[in-house]
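This report describes a single protein chain from its atoms. Please read it alongside the sequence and the coordinates.

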Amino acid sequence: MKGSSLVVVFFFFLAVLGVRAQQDPAQQALSSIVELSVQKQDGTAQNGVGFLAVRDGMVATAWHIVRDAKRVVARFPSGDEFQCTGVIDKDETRNVALVRIKVFGRPLLKLSAADSPAGANLFVAGVKDTAFGLLPVTVAEPASKDGSKWAILNGDVPIGNSGAPLLNSEGEVVGLLTLRQIEGKVVPTMIPAGFILALDNSLPTEPWAQIPVSQPVPTPTPTPAKPEANAGNDAVDALLGNALLILSDNMDIIDWADVGIKGFGFRNGVPKPVYDFQQDLDIIGGKVAEIRTDDALRQKVIKSVLQALVFQKSSSENFIRSVVVGQQTGIWGAQAQDAFSRSSAFRKSLEEKLVEMNPEVAELERTSAKFRESLFPKLRYRLMLAKEPGGFRLGVLVYARRPFFMLVVYNDGFADKIGLRPGDTIKSVAGRDFTNVWDIEELKLLIKANLGKKVKAVVERDGKTQTIDLKLPKTIPAEAIVN
């Protein structure tokens with residue numbers, strides 16, 4: 001079939017709506033939909049759906065449709081066919097991707113980061129029996145399991161429509177369709193459009209032949225169907241300690257990114273390290289969820305760690321959404337600020353959770369040498385297992401595992417005033433070697449012992465080792481003192 005005869009609106013939908021197709025924004029969106037015919041590297045074939053969005057020459061779709069592809073052809077409702085040449089960016093965890101297509105000047109669909117509550121009526125713009133059309137669906141069950149947001153939909157959606165956009169009545173894309181196996185049944189689900197907005201559309205295209213064969217996309221199930229046998233306590237404790245360490249690093253990278261978006265910095269988009277650290281958070285969350293143990297204390301710690309990971313994941317996701325919305329609109333408007341406020345609220349919930357879980361974590365630290373091994377000093381302070389001995393704020397942000405790398409040096413803070421700069425890695429101060437020291441509090445104690453002096457410091461700055469002078473004040477500034 002060729003030409004406009006391919007554009008078919010399912011009649012039961014039109015009967016309910018009671019308007020002409022050309023007046024319906026959702027119907028108008030069909031001109032931006034493509035059916036994807038994919039040849040895989042292993043010789044198999046797969047069909048899916050995509051849609052023009054974000055920027056000219058880009059198709060948004062489900063990652064699993066084009067994963068391991070060697071050739072992809074996109075067919076429009078008009079019958080026109082175009083080659084898709086590769087992937088611009090992808091999020092394997094959320095199962096979304098941006099694909100390069102050799103077509104320009106066609107209308108793009110608008111993406112909306114707004115949440116779709118239970119009961120919301122949406123439309124799948126997809127393909128049925130080679131014809132393009134709209135199918136009504138309803139949001140049945142929004143979910144955020146292990147920090148991965150998605151939603152179950154009610155509606156009859158044919159196989160082969162993964163990657164199709166979910167439209168609201170204004171024709172805006174609020175999500176991307178995936179068909180999942182849940183309890184042996186194929187169930188339509190929605191991935192929020194915010195995860196498409198979070199992709200980096202400025203990356204160069206990676207041709208199909210150069211994309212390595214990847215692992216299957218993980219599904220957001222909180223626990224495996226068949227629990228593993230009881231793991232040894234040492235293995236459990238090491239994993240829990242590592243999870244808390246990754247949680248701490250993720251908190252730090254969001255704090256770092258928060259500094260970068262101030263003013264008009266949000267227009268540069270989400271820094272790539274934020275996504276990298278978020279992937280680590282996803283992976284460790286899945287591993288902790290799979291732990292099986294009969295020990296009552298460890299069961300409590302596992303539950304608390306999972307809750308903490310979910311809070312941080314939600315905080316991170318809303319932070320990403322705020323930046324993406326700001327970048328897309330060019331202003332830090334109400335929508336961006338709302339997502340940022342949600343991020344802050346989840347961060348507050350996380351910090352409250354860290355206080356709440358202190359007794360059980362303290363007991364595990366006391367009884368488990370393996371757990372103690374993972375608790376770097378900064379992490380112990382963050383978990384309130386110890387008090388910082390320095391007694392003052394240095395005015396820097398550092399990782400637990402890289403305590404002498406100045407991730408952030410805050411303007412007009414103590415470190416800024418004595419001569420340290422963002423990106424510095426401190427090697428030694430006043431002849432004291434810090435290359436094998438894991439606690440920045442030791443630097444603070446050394447500073448207190450040398451107040452009023454000018455001391456030499458060796459730092460790695462801009463890729464070079466340099467010796468600088470740190471001019472220490474006679475007293476610790478009152479605003480830096482911790483009560």
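This is a predicted model: local features need pLDDT of at least 70, side-chain atom pairs count only at pLDDT 80 or more; totals for chains, interfaces and linings use all residues.

Residues are numbered from 1 along each chain as its sequence is written, and side-chain values use heavy atoms, with hydrogens and water left out.

**Whole chain**

The protein chain has 13 helices and 19 strands; helices (H or I, at least four residues) and strands (E, at least two) are DSSP runs numbered from the N terminus. Of its 483 residues, 51% count as buried, where buried means under 20% relative accessible area, exposed over 50%, and partly exposed in between (1.4 Å probe, protein chains only). Among contacts in the protein chain with a separation of 6 or more, 66% join residues 24 or more positions apart; contact means heavy atoms within 4.5 Å.

**Helix pairs**

Axes are lines fitted to C-alpha atoms, for helices over the stretch in contact, and angles run from 0 to 180 degrees between N-to-C directions.

| Helix pair | Axes come within | Crossing angle |
|---|---|---|
| α5 (residues 233-260) and α6 (residues 272-289) | 9 Å | roughly 155° |
| α7 (residues 296-329) and α8 (residues 334-356) | 8 Å | roughly 160° |
| α7 and α9 (residues 358-367) | 9 Å | roughly 130° |

Angles under 35 degrees count as roughly parallel, over 145 as roughly antiparallel, 65 to 115 as roughly perpendicular and the rest as oblique. For α5 and α6, the axes cross at roughly 155°. α5 is therefore roughly antiparallel to α6. The contact of α5 with α6 divides into 15 nonpolar, 3 polar and 3 charged residues. Here Ala, Val, Leu, Ile, Met, Phe, Trp, Tyr, Cys and Pro count as nonpolar, Asp, Glu, Lys and Arg as charged, and the others, Gly among them, as polar. On the α5 side the contact residues include Leu-239, Ile-246, Ile-253 and Trp-256, and on the α6 side they include Phe-277, Leu-281 and Ile-284. α5 passes α6 in a left-handed crossing; a crossing is left-handed if the near helix is turned anticlockwise from the far one by less than a right angle, and right-handed if clockwise.

α7 and α8 are likewise roughly antiparallel to each other, and α7 passes α8 in a left-handed crossing. The residues of this contact divide into 9 nonpolar, 11 polar and 4 charged.

α7 and α9 are oblique to each other, with a left-handed crossing. Leu-297, Arg-298, Lys-300, Val-301 and Ser-304 in α7 meet Glu-360, Glu-363, Leu-364 and Thr-367 in α9. By class, the residues of the contact of α7 with α9 are 3 nonpolar, 2 polar and 4 charged.

**Helix α13 and the segments around it**

In α13 (residues 441-449), the buried residues are Glu-441, Leu-443, Lys-444, Leu-446 and Ile-447. These buried residues pack against α11 (377-382), α12 (414-418), β16 (425-429) and β17 (432-433).

Thr-425 lies in strand β16 and is buried, at 16% relative accessibility. Apart from residues up to four places away in sequence, Thr-425 touches Arg-402, Phe-404, Phe-405, Val-458, Val-459 and Glu-460. Ala-430 sits in the loop between β16 and β17. Although not a glycine, Ala-430 has a positive phi of about 55°, and its relative accessible area of 39% makes Ala-430 partly exposed.

Gly-452 belongs to the loop between α13 and β18 (454-461) and is partly exposed, at 45% relative accessibility. Beyond its neighbours within four places in sequence, Gly-452 is in contact with Leu-472, Pro-473 and Lys-474. The C-alpha atoms of Gly-452 and Lys-471 are separated by 7.5 Å, with the two residues 19 apart along the chain.

**Thr-178 and Asn-95**

Thr-178 is in strand β11 (residues 173-182) and counts as buried at 2% relative accessibility. Its contacts, leaving aside neighbours within four places in sequence, are Ala-62, Asn-95, Ser-162, Val-187, Pro-188, Thr-189 and Ile-191. Thr-178 and Trp-63 are 115 residues apart in sequence and 9.9 Å apart in space, C-alpha to C-alpha.

Asn-95, one of the residues in contact with Thr-178, is found in the loop between β5 (81-91) and β6 (96-101). Asn-95 is buried at 7% relative accessibility, and its phi is near 65°, a positive value in a residue other than glycine.
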